[in-house]
Amino acid sequence: MAYWLMKSEPDELSIEGLSRLGRTRWDGVRNYQARNFLRAMSLGDEFCFYHSSCPQPGIAGLGRIVVAAYPDPTALDPHSPYFDAKASAEKNPWSAVEVEHVRTFAQVLGLGLLKQQAALEEMPLVHKGSRLSVMPVTAAQWQAICALAR
DNA sequence: GCCAACGTTGGC
DNA sequence: GCCAACGTTGGC
């Protein structure tokens, strides 16, 4: 099983929102590197749910992949903010996955705290200017994060 | 293929 | 709201 980290603006979808929904589609990824990571996800993989662009940026909980990557329907929907005029049903370059809620942390693991962890210094997340919204997490990094969440 | 201009991300 | 960093676009 592989581990990942995915960013979401809580106004769009928060860990609490995912908890309420139980499961939902993770769509709207419009960056090729991030999309490639989406496509590399397998059923059962787990991910850190990161809150970005909000008062308290950080890892807010955990989720799990329940459906592997498939064409992202929001790319074809003219009413979606993620609409891509260059995408078509025959040729849709974007992917979505389905995720389910696993755990909401008692406290958000703030970005400042994450940056203090030597075990996490390789993560793109903690690098200045990093905009990658989907990234792999190593087993060692995953353990370090879970240790912080206790 | 280079690179300037532009739009977006995301922390602060 | 500001601004640094980044990815993409498009002229040449």
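Trainee: In which sense do strand 4 and strand 5 pair, and over how many bridges?
Mentor: Strand 4 and strand 5 pair in the antiparallel sense over 10 bridges. Strands here are DSSP runs of E with at least two residues, helices are runs of H or I with at least four, and both are numbered from the N terminus. Two strands pair if DSSP finds at least two bridges between them. This is a predicted model, in which local features need pLDDT of at least 70 and side-chain atom pairs count only at pLDDT 80 or more, while totals for chains, interfaces and linings use all residues. Residues are numbered from 1 along each chain as written, chains are lettered from A and ligands numbered from 1 in the order written, and side-chain values use heavy atoms, without hydrogens and water.

Trainee: Which residue in strand 5 is the bridge partner of valine 67?
Mentor: That partner is glutamate 98. Strand 5 also pairs with strand 2 (residues 23-26), in the antiparallel sense over 4 bridges. There, threonine 24 has valine 99 as its bridge partner.

Trainee: How many residues does the largest nonpolar core have?
Mentor: It has 38 residues, and those with the most contacts inside it are Leu5, Met6, Trp26, Phe47 and Ile59. Such a core is a set of buried Ala, Val, Leu, Ile, Met, Phe, Trp, Tyr and Cys residues joined through side-chain atoms within 4.5 Å. Buried means under 20% relative accessible area, exposed over 50%, and partly exposed in between, with a 1.4 Å probe and protein chains only.

Trainee: What is methionine 6 in contact with, beyond its neighbours within four places in sequence?
Mentor: Its contacts include Trp26, Phe47 and Val99. Contact means heavy atoms within 4.5 Å.

Trainee: Changing topic, which residues are around DNA strand B?
Mentor: Among them are Lys7, Tyr50, Ser53 and Arg131; a residue is near a strand if one of its heavy atoms lies within 4 Å of it. Sugar and phosphate account for 78% of the atoms of DNA strand B that come within 4 Å of the protein.

Trainee: Where does the side chain of arginine 131 meet DNA strand B?
Mentor: An N or O atom of that side chain is 2.9 Å from a base oxygen of DNA strand B. For tyrosine 50, a polar side-chain atom lies 2.7 Å from a phosphate oxygen.

Trainee: Is serine 53 buried or exposed?
Mentor: Serine 53 is exposed, with a relative accessible area of 58%.

Key:
Polar contact = N/O pair within 3.5 Å; in protein donor to acceptor, adjacent residues only side chain to side chain.
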